[in-house]
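Hi everyone, thanks for coming. Please have a look at the sequence and the structure while I talk you through them.

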Amino acid sequence: MGAYMMTGIQNVNSLEAGYYAATLIFIGWFALYDFRRHLVRNQALAIFFFWCLLSLPLTASTSLLPVSLLILQAVMGFLNGGLILLAAAWITHGGIGGGDIKLAALLGLLFGTRGVCLILFIAAISALAFVLLISGRNRSSPLRLPFVPFLFLGSVLWVFCLLYTSPSPRD
């Protein structure tokens with residue numbers, strides 16, 4: 001992905017870093033909107049879908065893997081991300097919303113199975129920690145917790161891994 005400079009800091013591909021920075025801005029917007037309204041709009045997810053498709057040629061240009069394998073990884077990530085949260089929604093009887101499921105599928109398309117599984121793990125652990133922290137408060141109504149902010153946290157950590165570890169976690 002890049003060579004180490006004399007400082008010991010990896011030289012990151014600026015196109016890749018820019019793409020992932022813009023991606024985090026998208027996900028951050030989703031997180032803020034979900035936090036305020038408990039909703040992720042389908043129109044925004046449709047735009048994000050096409051943005052995620054742009055990752056395929058970018059990944060192909062920086063990876064040694066064949067394009068067919070990269071496409072397979074993206075499809076498997078899409079299915080894994082979506083199906084894991086779909087199962088969670090089914091088990092919790094709607095505790096996970098449709099927007100969360102669709103966003104997780106798109107994160108799988110973007111980051112592959114390994115990436116989306118790590119993102120979902122971090123999101124679940126951080127959401128659980130958040131619930132445990134606020135559980136001491138007296139609540140008269142059930143807690144409605146937006147999940148996208150926790151997906152954003154997992155995404156930030158995964159992008160950091162993508163850009164600053166060697167060899168690339170995608171390969």
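Let me start with a term: helices (H or I, at least four residues) and strands (E, at least two) are DSSP runs, numbered from the N terminus. On that basis, this protein has six helices and zero strands. Along the sequence the pattern reads α-α-α-α-α-α.

A word on the source: this is a predicted model, in which local features need pLDDT of at least 70 and side-chain atom pairs count only at pLDDT 80 or more, while totals for chains, interfaces and linings use all residues. Residues are numbered from 1 along each chain as its sequence is written, and side-chain values use heavy atoms, with hydrogens and water left out.

Now, how much of the protein is buried? Buried means under 20% relative accessible area, exposed over 50%, and partly exposed in between (1.4 Å probe, protein chains only). Of the 171 residues, 39% count as buried.

Let's turn to α1, residues 14–37. After α1 comes H38, with a positive phi near 55 degrees.

Contact means heavy atoms within 4.5 Å. Setting aside neighbours within four places in sequence, F30 is in contact with V40, A44, L45, F48, L103 and V148.

That brings us to the core. A nonpolar core is a set of buried Ala, Val, Leu, Ile, Met, Phe, Trp, Tyr and Cys residues joined through side-chain atoms within 4.5 Å. The largest one has 37 residues, and F30, F48, L103, L107, F111, F147 and L151 touch the most other members. Which helix gives the largest share of this core? That is α5, with 13 residues.

Finally, α5 (residues 98–134) packs against α4 (residues 67–91) at an angle of about 115 degrees, with the axes 6 Å apart. Here, axes are lines fitted to C-alpha atoms, for helices over the stretch in contact, and angles run from 0 to 180 degrees between N-to-C directions. Among the residues making this contact are G77, G81 and L85 of α4, together with L109, G112 and V116 of α5.
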